[in-house]
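Thanks for coming. Please have a look at the sequence and the model before I start.

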Amino acid sequence: MTGPVDYVAFNAARQPGRTAAVDLASGRRWTYRVLDQAVARCARVLREDFECASGDRVASLAKNRVELVILHLACARTGLIYAPLNWRLSPAEIAAVLADAEPRLVVGDGEMERAGVSGVSLDVLAEAIDAAEPLAVEPGDPELPSLLLYTSGTSGRPKGVLLSERCLARTALNFGLLGDVTRRSVFLIDSPMFHIIGMVTSVRPALMHGGAILVSDGFQPARTLARLGDPDLGISHYFCVPQMAAMLRGEPGFDPRAMAGLTAIFTGGAPHRAADIQAWLDLGVPVVDGFGMSEAGTVFTMPLDRDQIAARAGAVGVAPPGIFSRIIDADGRDCPDGVAGELLLRGENLFSGYWRRPEETRAAFTSDGWFRTGDIALRDAEGFHWMVDRKKDMFISGGENVYPAEIEQALTGYPGLKEWAVVGVPDARWGEVGVCVLVTADDAEVSRDAVRTHLAERLARYKLPHRFEVIEALPRTASGKVRKNELRRWLTGSE
């Protein structure tokens, strides 16, 4: 069988001299021809120098570099599974993930030393790649997994999500359609490459369509802002979480006119408040929110049209052809438009399963093959979706479903509050009741009764938290998500 082994090889044939990747820290550049050759050389290094065989895991523990993209693509060409590790985890957490993945090879930078992990330096790997001869391979089985992403583990130890080349290509196609990606597109990547935003959504669409990726070693608001406005870089696409977008807008040197060349700022990974989206629009910058997850890649995205974004600020958009969704109630019946329920998905974008967890993989799907996302969503008559909450965070009080995210949204902008979270706890009378945990800003005094009154003016009575607690900081995962299970244990005294 002949033909391009992947989209990098395809673009190396059709536009060999066009820029494919730039490492902003080192200044090194790769054309598509050079990138294709680097991937082929890395494939030989993995196979012959490190004796990796099909199915072996190759882990990395490093800040963003183009070599991580090369490593992943080389794994895909040779039947290996690339496992980028979250360097924000503690050494003990990293050790647990390594024990689960059992990699044949670990490569990295100074983060390996910090975590006490033995492995091969990325600099040494880069030298070996440059010195090797390319390894010619035939197109592989697209159903084989090539990427092992570990979830952040808000409810327990991280799970490894297996992603095949089939589902990664589908994500590239989906975001390409939804995000208007072309060969002229230039993506700035400073989201960490152990996350699906940094490793997949910001990389695969650009390389599929013949665009370019600019890889940054990390997010620094002032530096990122300067790069987004640099005409010499010509950045068209920037994908980040809402918290990063807010930090950009809060920078002293922020000037929305410098972002006129952007197709949009794309956000995902966490809820994006409607008021914040509207604030961007008022400044003339389109912010396109969407929904995706490690298990499903890009699922929904808002249109690029500013009027549609403004009309539905807070929505996560529509799905492209090939992604099928349902919203069901607790009895498995389809919910009518406007009614919240659990989001189910089908399509080629779905993951292959959880690494070494067959029971959890089976439990994640219905008997007829729909993936249970665990997210509560609703859809309007035009097919636009809103994410309401996580199913596991919902609680039932007096027979009524209560979504903590709705209560948390009602506290947006409340003076003196730095952060907050709502969880449900057992109650003898109501079954479950809500507890609101508050973190105040420095030197701020916040009255619990005043917060209760504020919520009572905006929410139905059954949704109001029964208790308010003030703590110094919310417990979070390494990727910034609130550990609500930990809050719940503390509030119920079950630690």
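First, the ground rules. This is a predicted model, where local features need pLDDT of at least 70 and side-chain atom pairs count only at pLDDT 80 or more, while totals for chains, interfaces and linings use all residues. Residues are numbered from 1 along each chain as its sequence is written, and side-chain values use heavy atoms, with hydrogens and water left out.

Helices here are DSSP runs of H or I with at least four residues, numbered from the N terminus. Helix H1 covers residues 7-14, and its buried residues are Val 8, Ala 9, Asn 11 and Ala 12. Buried means under 20% relative accessible area, with a 1.4 Å probe and protein chains only. Down the axis of H1, these residues fall within an arc of 165 degrees, so they line one face of the helix. The arc is taken from the directions from the helix axis to the C-beta atoms. They pack against helix H2 (32-49), helix H3 (66-78) and helix H9 (204-209), where contact means heavy atoms within 4.5 Å.

Next, H2. Its 18 residues reach 25 Å from first C-alpha to last, close to the 26 Å expected at 1.5 Å a residue; that expected span is 1.5 Å times one less than the number of residues. Among its buried residues are Tyr 32, Asp 36 and Cys 42. After H2 comes Glu 51, with a positive phi near 55 degrees.

Note on methods
Buried < 20%, exposed > 50% of the residue type's maximum accessible area, 1.4 Å probe, protein only. Helix = DSSP H or I, 4+ residues; strand = E, 2+ residues; numbered from the N terminus.
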